[in-house]
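Subject: The model you asked about

Hi,

Here is the structure I promised to pass on. Have a look at it first, and then read my notes below.

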Amino acid sequence: GNWLFDYATNYSNTKPIEYYYTVPLNLLSGIKVPGHMQLQGYDTPKYVNTQYPWDGLENIKPPEIPEKFNPVGTYVKAFDMSLDKLDKVIITFEGVESAYAVWLNNEFIGYKEDTFTTGSFDITSQIKDKDNRLVVQVFKWCSGSWLEDQDFFRFSGIFRDVFIASVSESHAVDMKISSKLINDYKDGELLVKLDHLDRNNKKFIVKLYEFDREFKNGMGSRIVYEEINSNVLDTSVKIENINAWSAETPNLYTAHFTLMNKAGKVLHRERQKFGFRTVETRPNDGLYVNGRRVTVRGVNRHSFRPETGRTLSNAKNIED
């Protein structure tokens, strides 16, 4: 939606953060989130291929950053807290170009670089039920810009979604699912790794569903129903007569993971869809999927629209 916004051509021209906690909000401009500054009237888009965007303008070396012209956008969002609070409250930024610092209710929360990965911050102690004020200062170039240089348009801003979620003290923080076909591509093997916080007295339950129906074998018993008492879930399950995934038959399964304490209370649930497939290359014989040779025809799709840059709606992704 609409956030309030203040623009500066470089960091030395920015206002103190305290200013954004005292200024009447109607004195600030507006900007749409998610979106780029350069497509909403601040700075201009710049396409660069084989050079850095500051070449010829400032003489700097890694990991230095431009100081004369390095636009900074300060975003301000006032909001109330309508979420049922559990043990922790987390704010997540799904993409900010190229670096940003975060304050909530005039307390510094954290800083992050890396444009295209998610950043999450614990705001449990700063969040209030009413009258929260979030300030996010976004820097166009940072030390990470030396590594993110490539042939595309240069933008800056909060260009992906921002959301707040409440989680229990014990919750999954990392999950990896991999699957492959075995026994001449007839059967499947599911490998699951899941890590979590607060590793005391925990139990995992893993269930597997096919087409959102609980998957059972010919005897009618569950093929995958495992209770695992461990600090970290790391397990593999072999399943007979699998329905493999391919481009022509995109069969999907759904894995359900439940994290419980020793008393049986549910702490966290996750669900992940996936397919069983094996992709391999054979020397001098090309690419094989599930044991069958395939020829790939494809395109190089940049996440980009002329109207909105790298901010894409689901409808535009489907249209592409």
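Leaving aside neighbours within four places in sequence, which residues is Asp122 in contact with? They are Lys88, Val89, Ile90 and Ile109, where contact means heavy atoms within 4.5 Å.

Before the rest, a word on how to read this. The model is predicted, so local features need pLDDT of at least 70 and side-chain atom pairs count only at pLDDT 80 or more, while totals for chains, interfaces and linings use all residues. Residues are numbered from 1 along each chain as its sequence is written, and side-chain values use heavy atoms, with hydrogens and water left out.

**Confidence and overall build**

The mean pLDDT (the predictor's confidence in each residue, from 0 to 100) is 88, and 92% of the residues reach 70 or more. Please take care with residues 217-223, where the pLDDT is below 50; this stretch has nine contacts in the model beyond near neighbours in sequence. Where pLDDT is low, the predicted coordinates should not be read in detail.

The protein has one helix and 24 strands; these are DSSP runs numbered from the N terminus, with helices being H or I of at least four residues and strands E of at least two. Its C-alpha trace spans about 70 × 55 × 35 Å along the principal axes. Of the 320 residues, 43% are buried, where buried means under 20% relative accessible area, exposed over 50%, and partly exposed in between (1.4 Å probe, protein chains only). Among contacts with a separation of 6 or more, 70% are between residues 24 or more positions apart.

Six strands make an open sheet in the order 2-1-4-10-7-8, with antiparallel pairing; two strands pair if DSSP finds at least two bridges between them. Strand 2 (29-32) and strand 8 (107-113) are at the edges with a single partner strand each, so one side of each has no neighbour in the sheet. On average, neighbouring strands here are turned by 30° against each other, direction ignored (axes are lines fitted to C-alpha atoms, for helices over the stretch in contact, and angles run from 0 to 180 degrees between N-to-C directions). Within this sheet, strands 4 and 10 run antiparallel and are joined by eight bridges, and Lys77 has Leu134 in strand 10 as its bridge partner.

The largest nonpolar core has 24 residues, of which Tyr75 and Val136 touch the most other members. Such a core is a set of buried Ala, Val, Leu, Ile, Met, Phe, Trp, Tyr and Cys residues joined through side-chain atoms within 4.5 Å. Strands 1 (2-8), 4 (72-79), 5 (88-93), 7 (99-104) and 10 (132-139) each supply at least two of its residues. Not counting residues up to four places away in sequence, Val136 touches Trp3, Gly73, Thr74, Tyr75, Phe93, Tyr100, Ala101, Val102 and Ile158. A second, separate core of 19 residues includes Val192, Leu208, Ala255 and Phe274.

**Two polar residues**

Thr74 sits in strand 4 and is buried, at a relative accessible area of 2%. Its side chain makes a polar contact of 3.0 Å with that of Gln137; a polar contact is a pair of N or O atoms within 3.5 Å, where within protein one must be able to donate a hydrogen and the other to accept it, and residues adjacent in sequence count only if both atoms are side-chain atoms.

Back to Asp122, which lies in strand 9 (residues 119-122). Asp122 counts as partly exposed, at 38% relative accessibility. Its side chain has polar contacts with the side chains of Lys88, at 3.2 Å, and Thr124, at 2.6 Å.

Strands 14 and 15 are joined by 10 bridges, with Asp174 partnered by Asp195 in strand 15. Strand 15 (residues 187-196) pairs with strand 19 over seven bridges, and Leu191 stands opposite Ser236.

Which face of strand 19 (residues 233-239) is covered? The covered face holds Leu233, Thr235, Val237 and Ile239, while Asp234, Ser236 and Lys238 are on the uncovered one.

Best wishes
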